Amino acid sequence: MLNRLPRHMPPLDVMLADIGNPTTREVAKALDVTERTVRRWLSHGTAPRPVMLALFWVTSWGLSATDCETFNTAMLNRGLATALKEEIGRLQARLDRLGRIADFGSANDPAPGVAVARPTLPVAPQENRPPSVRTGEPGSTAEPEPGSTQQPRGFQRG
């Protein structure tokens, strides 16, 4: 983080010119110092490094450096998000392949609790179904009730 501090900064008078030549009163008020202190800095042509850094970040050079850093960070995060989406896609494809191998209910099941995707049949509207199907009674083709451990047919992860 500290490597982002500028090594070379323009002289004090050039930075003040870049931000619109503020008066000594405006500079003193912004930096919470006396006007006499600001006049002394101007007579010497320099100020303490913290003051120079504070002024640098409000000049066009400091704003440009901040914009560049922001852009680079955004591009880095975009690349990371893209890579993670691709990794998720690869892992989902691998999980689907492992799930299609077989569902034997073995101890080394690649994805326990995830049913293999099977084609689903169209479901009739709720009011047209027989009562046993609507209530989820054993032997019915209705989806299990909430809280049930049984997975509905055609369930796919993702």
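The buried residues of helix 3 pack against helix 1 (12–18), helix 2 (24–31) and helix 4 (49–56). Contact here means heavy atoms within 4.5 Å, and helices are DSSP runs (H or I, at least four residues) numbered from the N terminus. The model is predicted, so local features need pLDDT of at least 70 and side-chain atom pairs count only at pLDDT 80 or more, while totals for chains, interfaces and linings use all residues. Residues are numbered from 1 along each chain as its sequence is written, and side-chain values use heavy atoms, with hydrogens and water left out.

Helix 3 spans residues 35–44, and T37, V38 and W41 are buried in it. Buried means under 20% relative accessible area and exposed over 50%, with partly exposed in between (1.4 Å probe, protein chains only). Seen down the axis of helix 3, its buried residues fall within an arc of 100 degrees, so they line one face of the helix. The arc is taken from the directions from the helix axis to the C-beta atoms. The face turned away from the buried side carries the exposed residues R36 and S43. After helix 3 comes G45, whose phi is positive, near 80 degrees.

A cavity is a set of points on a 1 Å grid over the protein atoms alone where a 1.4 Å probe fits but cannot get out, and lining residues have an atom within 4 Å of a point. The largest cavity has a volume of about 30 Å³, the volume being the space filled by probe spheres set on the points. L12, L16, V27, V38, W41, L42 and L55 line this cavity. Helix 3 gives the largest share of the lining, 3 residues.

Key
Helices (H or I, at least four residues) and strands (E, at least two) are DSSP runs, numbered from the N terminus. On a 1 Å grid over the protein atoms alone, a cavity is a set of points where a 1.4 Å probe fits but cannot get out, and a pocket is an open set with protein on both sides within 12 Å along at least five of seven lines; lining residues have an atom within 4 Å of a point.
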